[in-house]
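Here is a short briefing for a reader who is new to this structure. Please look over the sequence and the model first.

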Amino acid sequence: MEPQNSPYGQQSYGQSYGQSYGPPEPGYAPAPEPQPRLDAGKLWAGGLMTAVIAALTAVVALLLVRGVLGVPVFAPEGAGLMGNATTGALAGGAAVAAIAATVLLHLLIVATPRPERFFTWIIGLATAVMVLLPFTADLTWQAKLGTAGVYLVIGIAIGSLLSSVARGAVRRY
């Protein structure tokens, strides 16, 4: 059987267009792999929005646990739906945690291979610590479960949003 002729030149058996078998031609260098580039502005804008959402998530979770479920978490029982200063402190703490996670994510992107894996593990383990923490305190089981639930929802919000932000802020050129 003879090689088939095509309008693009002659093709040998077993070769596709653009493939070559054997040693490369002298002076031939393969194209370099695209390098990831971080758009820090997008990363930090997403990090700030994540902080806002984390704070609001804390408030909504407290409204659900205190108001709907009637579990007195993060405030004395008579403090009402919005509680006392602990509601603001928890919302502020959630926002600070989101900013700290953004700093961590930025450092991982510029300094490590596969930063998304490291980030997922770190956020997952930090969330696990926060979820388990109430079970070490002398609280009722309802308060332990309610507090753990609030921390879990905040951790999931921060981890999922920043993972998505990272995918949008890193481009390959």
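The points below go from the overall layout to the core, the surface and the salt bridge.

This is a predicted model, in which local features need pLDDT of at least 70 and side-chain atom pairs count only at pLDDT 80 or more, while totals for chains, interfaces and linings use all residues. Residues are numbered from 1 along each chain as its sequence is written, and side-chain values use heavy atoms, with hydrogens and water left out.

**Layout**
- The chain has four helices and four strands. Both kinds are DSSP runs numbered from the N terminus: helices are H or I with at least four residues, strands are E with at least two.
- From the N terminus, the order is β-β-β-α-α-α-α-β.

**Helix 1**
- Helix 1 covers residues 40–68.
- Its 29 residues should span 42 Å at 1.5 Å a residue, and its end C-alpha atoms are 40 Å apart, which agrees. The expected span is 1.5 Å times one less than the number of residues.
- Just after helix 1, Gly70 takes a positive phi of about 70°.

**Core**
- Buried residues make up 29% of the 173 residues in the chain. Buried means under 20% relative accessible area, exposed means over 50%, and partly exposed lies in between (1.4 Å probe, protein chains only).
- The largest nonpolar core has 32 residues. Such a core is a set of buried Ala, Val, Leu, Ile, Met, Phe, Trp, Tyr and Cys residues joined through side-chain atoms within 4.5 Å.
- Helix 1, helix 2 (85–111), helix 3 (115–132) and helix 4 (141–169) each give two or more residues to this core. The largest share, 10 residues, comes from helix 4.
- Leu105, Phe119, Val150, Ile158 and Leu162 have the most contacts inside the core.
- Leaving aside residues up to four places away in sequence, Ile158 touches Thr50, Ala54, Ala94, Ala97, Ala98 and Ala101.

**Surface**
- The accessible surface of the chain is about 11,400 Å², and 67% of it belongs to carbon and sulfur atoms. Areas come from the Shrake-Rupley method with a 1.4 Å probe; for residues, only the protein chains shown count as cover.
- Val52 sits in helix 1 and counts as partly exposed because its relative accessibility is 43%.

**Salt bridge**
- A search of the whole structure finds one salt bridge: a side-chain nitrogen of Lys or Arg within 4 Å of a carboxyl oxygen of Asp or Glu.
- Glu116 pairs with Arg114, the closest N and O atoms being 3.3 Å apart.
- Glu116 is partly exposed at 40% relative accessibility, and Arg114 is partly exposed at 47%.

How values were computed:
Contact = heavy atoms within 4.5 Å.
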